[in-house]
Amino acid sequence: MELLSQVVTGLAVGAAYSLIAVAVVLIYAGTKTLSIAMGEIGAFGLFAGLHWREEGVPGTDYHPSALVAGVIAVVLGALLGLVVERLVMRPLVRRPPLDGLIATLGVALLLALLELKIYGSDPVSAPSPVGNRVFTVLDAPLPATRVAAFVLAVVVAVGLFVFLTRTKFGLATRAAVSDPTVARLLGVRVNSVYMFAWGVGGALSGLAAAVLAPAFGNLTPFAQTQFSLRALAGAVIGGLDSIWGAIVGSLLVGVVETVVQSNVSSSQNGYASMAVLVLVLGTLLVRPRGILGTTGVA
Amino acid sequence: MTDRRPILEVDSLCSGYGALQVLFDVSLSVGEGEVVALMGSNGAGKTTTLRTITGLIRPMSGHVRLDGADITGRPPETLVPRGVVMVPEGRGMLRDLTVAENLALGAYVSKDKAAIAASLDQAYSTFPILAERREQKAGTLSGGQQQMLALGRAIMSRPRLMLVDEASLGLSPIMTETAFNLIAEVNRTSGVAVLIVEQNVLALDLADRAYVLEKGQVVATAQGAEVRTMQGRLREAYLGRAAT
Amino acid sequence: MSRELFAPRARPPLVPTVFGILVAAVVLLGPLLLKPGKVSTLVTAIAIAITALGLDLLVGTTGQLSLAHAALLGVGTFSAIGLGGRGIPWPAAFLGAIAITAAVSALIGLPSLRIRGLQVAITALAFQIFADSYLFQQSAVKDNTLTFAAPSFFDPAQHGFRRLYYFGLVLLVLTVLLLRRIGATRAGRSFVAVRDVEQRAVAFGVRPGPTKLLAYALSGAIAGLGGALIAFKEGTVNDAGTFNLQASLLLVAIVVIGGARSAVGICSAAFFVRALPNLIPAGYSLPVLGDVATTIPIVFAALLIVSIVGNPEGTGGLLRRARTGIEGLFSPPAKRPSPRPRPTDAVAAAAQAADLRRVSRPLTERLPVPALLVARNATVQYGGVRALSEVSLEVRRGEIVGLIGANGAGKSTFFNAVSGLAPVTGSIRYRDRELVGADPARRTRAGIARTFQDMGLIRADTVRQNLLLAQGWITRYPASAGILGLGSTIADERELRRRADLALELFGLDHLAGETLGDLPYGTMRICEIEAAVSTGPDLLLLDEASAGLTPDEAHALGDRFLALRDELGLTLVVIEHHVPLIARVCDYAYCLESGELIAEGAPEQVTAQPRVVESFLGKGSLRETASAR
């Protein structure tokens with residue numbers, strides 16, 4: 001049952017990626033922008049939280065626990081998302097999507113370089129926010145963080161689904177996604193929808209950072225961007241205009257990555273990166289709209 | 001020009017896209033309960049006029065007033081709360097949403113659940129076909145059904161003024177006739193004022209007053225009986241029998 | 001150097017030239033004053049600048065974003081070391097590195113054959129991370145036993161890095177010349193067309209997929225050159241930091257901040273971010289910002305965001321505007337020109353026209369039927385909507401046929417069906433050859449040209465460039481020959497320019513050849529579009545609402561032009577028009593569409609008199625029920 005336990009682990013890994021993937025799809029659906037900044041947005045908040053855990057919050061003697069550091073990552077992530085939306089993305093609303101992508105690239109770069117400057121290049125220790133108990137599921141050892149990631153992914157997926165289909169603001173969001181001009185004429189404040197997409201997206205990124213970093217025990221600049229690539233791959237494979245697609249795609253990436261890595265020993269992440277590359281290349285050549293995507297996305 | 005209290009006043013509007021000016025000193029008004037037609041052929045500036053009124057484009061100069069209050073350049077989101085709805089060119093269907101959801105969005109700004117429910121019932125009784133297809137995605141409806149949905153959605157918020165942009169676009173003459181009849185009925189039963197922007201001179205049959213737009217300028221106006229005369233002249237102009 | 005090899009440039013005014021000389025002096029003489037360690041950094045900066053120029057070819061022209069160019073740089077370096085270290089002479093090692101990197105880049109760009117969107121950027125990102133974490137870690141790749149030994153002429157131990165520096169400068173200059181050269185060829189024009197008007201470009205015979213792939217390959221080749229330079233300088237690779245994700249992101253920043261298609265801007269940006277931190281004395285720090293060397297990249301990243309939001313054209317754009325401003329100080333701004341009336345010398349006009357017509361194209365022999373275009377039951381269906389329903393019509397050689405109908409009736413859809421841009425069933429035969437199902441890019445070759453309702457030309461280019469693009473199908477030289485100016489390239493390009501100038505004269509627009517299309521008045525732009533269509537030497541011309549937005553006088557003149565196109569150039573025209581008097585004046589035959597169906601045909605006066613047509617355009621006499629109730 002080696003393979004099965006690998007698959008289980010892979011699903012848990014993919015679940016963590018799906019948090020970022022959902023953030024990407026939410027932003028893409030809402031603003032037609034593909035964002036590669038979600039990784040560093042999450043990392044930035046986590047860096048602050050973990051740093052304060054070690055050094056204490058400036059001006060006080062308080063050392064937040066790892067869990068609180070995680071919460072700080074989520075909150076700061078949301079705030080950062082809102083700031084980026086308001087200052088960087090909103091002026092680009094009428095521009096071609098490429099400009100938006102480049103802007104998010106700038107944001108990712110800026111945040112990572114700031115992290116390097118402020119916290120140095122030594123990795124910051126990232127202990128698990130939910131304790132160190134290891135569960136065993138179908139012969140697979142799953143640390144508490146992975147289980148937490150899985151649970152969170154489910155909660156987020158269900159929550160978003162309920163929100164989008166059952167609430168008034170959710171309906172307005174779907175209207176803004178379908179046709180922003182018509183939505184505005186119906187009284188929907190489309191700017192609020194953009195803020196929502198980026199705020200929630202930022203929060204999800206912080207959440208993802210909090211559960212992904214402990215797997216390596218530490219956090220370094222640019223590391224989260226590598227994870228966000230896995231999530232981006234998942235979103236693209238699943239279909240950029242579908243939230244379920246983002247989740248399915250990410251789970252797939254997680255499974256493939258884990259299975260490949262377990263069976264072909266090599267240095268950290270080596271063969272896994274190759275597998276991801278092949279997956280993305282293959283999907284774009286064979287079925288460009290993704291598994292659950294609906295249109296040939298432009 | 002009208003003896004009814006004006007809801008909408010457009011005053012010397014100059015507008016366009018970037019450096020390209022499309023409208024030159026356009027002025028018009030719509031009174032309470034009136035049907036006003038803005039006629040013009042392709043490229044005359046009709047859609048630009050509506051987009052400027054609704055705030056989708058900022059004008060270069062001029063004013064737009066609603067009940068006397070200046071709303072020039074105000075964003076479109078503020079219109080529905082003020083009682084103004086627009087049925088855009090192509091009907092503005094939210095294709096991935098169902099008929100029921102489209103209608104619900106028509107009353108988005110309203111918070112009175114009872115009133116919303118009543119409006120919904122009224123919409124379904126006025127357009128029974130919509131009631132039959134309420135769970136269907138709007139993108140799968142035919143052109144005529146979409147027109148009905150667009151009108152139904154527009155009246156959900158109990159507006160005082162309805163702007164209709166080229167309702168006849170892509171519709172056969174029979175469907176166009178039906179659409180115009182519906183607009184006339186909506187005006188009659190609920191008293192909502194209508195500004196209908198059209199190429200098709202049939203729209204003049206509904207109109208209390210009319211303006212003709214050509215190359216971004218108002219070149220003719222008509223009221224009451226004069227509207228019939230204008231209709232005849234426009235028809236001849238299109239056919240080229242008059243000297244050009 | 002022949003002026004024809006490069007796009008003709010206007011004479012530069014005085015001030016920028018003086019500035020240029022100063023910069024050149026600094027660049028050439030500066031290294032003589034620096035210590036060898038610093039000069040070494042400059043060489044790396046040059047390699048980065050070369051790679052950035054390669055990235056610019058991709059992003060700045062085709063609009064594809066690559067986040068893997070630092071990895072490609074690495075591929076070039078490792079390939080060069082791998083080849084040179086095994087004893088292959090250095091020029092061959094250079095070429096090998098270039099070829100390998102070009103191939104890898106094309107591989108990354110493969111998805112662009114199938115999709116237009118941004119997902120291709122993800123493939124590049126995946127490759128970058130793959131290279132970082134796997135490829136460059138492999139001992140086979142970073143084999144430390146291999147050393148690429150540069151010839152002793154360049155030996156750093158004896159000459160410092162100065163000779164390498166000048167060598168690098170030569171390569172940089174060659175790269176810039178190469179890019180200019182590409183811009184003057186058919187391939188270069190296709191790149192721009194793919195970015196701006198991708199779907200329309202097919203009407204000019206441009207194939208978006210292969211064009212983009214070529215751009216990837218060329219871009220990779222240039223990165224390979226940069227990599228080979230680094231290998232040349234270093235001998236082996238000790239630190240893969242130059243090839244990591246951060247470096248790739250910085251490369252994009254260089255292109256954006258420097259300004260797309262501005263060599264000066266890009267080189268300056270590369271210098272700023274790569275060389276400057278090392279040139280500042282170590283340990284130098286500012287009060288708040290701290291160590292300058294680490295602050296510069298941060299400033300750069302912030303500049304990237306500011307740039308893309310507020311100043312998308314980058315430094316290059318600023319420089320261009322400054323230059324135009326300075327030029328404006330020395331000479332008064334020209335008045336906005338407009339088309340001149342056509343030359344009234346009938347004999348000269350006919351001769352000009354005959355000259356334009358002479359295009360060698362395999363023509364079928366005498367046709368058995370006079371009909372040039374025959375459509376039978378053409379149907380276009382988008383999902384549940386029938387945009388065109390069983391339309392059958394005929395266009396005879398030498399006719400001017402009018403296509404009328406209300407908005408949304410299916411007229412443009414019919415044109416799209418003929419052009420191959422809409423999914424059509426049924427039959428559309430041109431010169432008795434079936435068009436349905438055939439490659440859209442071949443329409444121009446077959447002799448069909450068209451205009452679009454909303455401008456299918458490139459506004460950012462000059463009028464002449466657009467005409468050259470439109471005629472692209474006439475020449476046959478392959479891209480590689482084109483770049484090097486081999487074979488028939490020069491003669492072909494000369495011929496294209498001659499035809500373009502001829503077309504301009506025929507329409508009275510020759511004085512506008514060098515104007516940027518987007519700056520011209522709308523009516524003139526539309527006429528340029530017709531011109532571009534005519535310059536492809538077609539037999540059948542499809543004009544979509546050519547009179548839209550024209551004043552009554554211009555519309556009248558347009559009618560004259562239609563007649564002239566038929567009488568002097570022997571073209572057959574199909575015109576979509578709303579202006580009924582125009583149709584009545586120039587058309588021999590008219591078809592009326594309504595809701596995708598053909599409802600009337602015949603001589604224009606007969607068609608417009610038919611009740612159903614009148615109804616379709618203008619509505620019935622009166623509404624039933626409601627009207628009487630008012």
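Two strands pair if DSSP finds at least two bridges between them; strands (E, at least two residues) and helices (H or I, at least four) are DSSP runs, numbered from the N terminus. The model is predicted, with local features requiring pLDDT of at least 70 and side-chain atom pairs pLDDT 80 or more, whereas totals for chains, interfaces and linings use all residues. Residues are numbered from 1 along each chain as its sequence is written, and chains are lettered from A and ligands numbered from 1 in the order in which they are written.

**Exercise 1.** Determine which strands of chain B pair with β9(B), and in which sense.

*Solution.* 
Step 1. β9(B) and β10(B) (residues 217-223) are antiparallel and share six bridges. In this pairing B:Y211 stands opposite B:T221.
Step 2. Strand β3(B) (residues 35-39) runs parallel to β9(B), and four bridges join the two. Here B:Y211 is the bridge partner of B:L38.
Step 3. Two residues lie between the strands of the β9(B)-β10(B) hairpin, where B:K215 takes a positive phi near 50°.

**Exercise 2.** Characterise the packing of α5(B) on α6(B) (residues 173-190).

*Solution.* 
Step 1. Two packed helices are described by the angle between their axes and the distance between the axes. Axes are lines fitted to C-alpha atoms, for helices over the stretch in contact, and angles run from 0 to 180 degrees between N-to-C directions.
Step 2. The angle is about 15° and the axes of α5(B) and α6(B) are 10 Å apart. α5(B) is therefore roughly parallel to α6(B), a term for angles under 35 degrees.
Step 3. Contact means C-beta atoms, placed from the backbone, within 7 Å. Residues making the contact include B:Q147 and B:L151 of α5(B) and B:A179 and B:L182 of α6(B).

How values were computed: Parallel < 35°, antiparallel > 145°, perpendicular 65-115°, else oblique. Contact = placed C-beta atoms within 7 Å.
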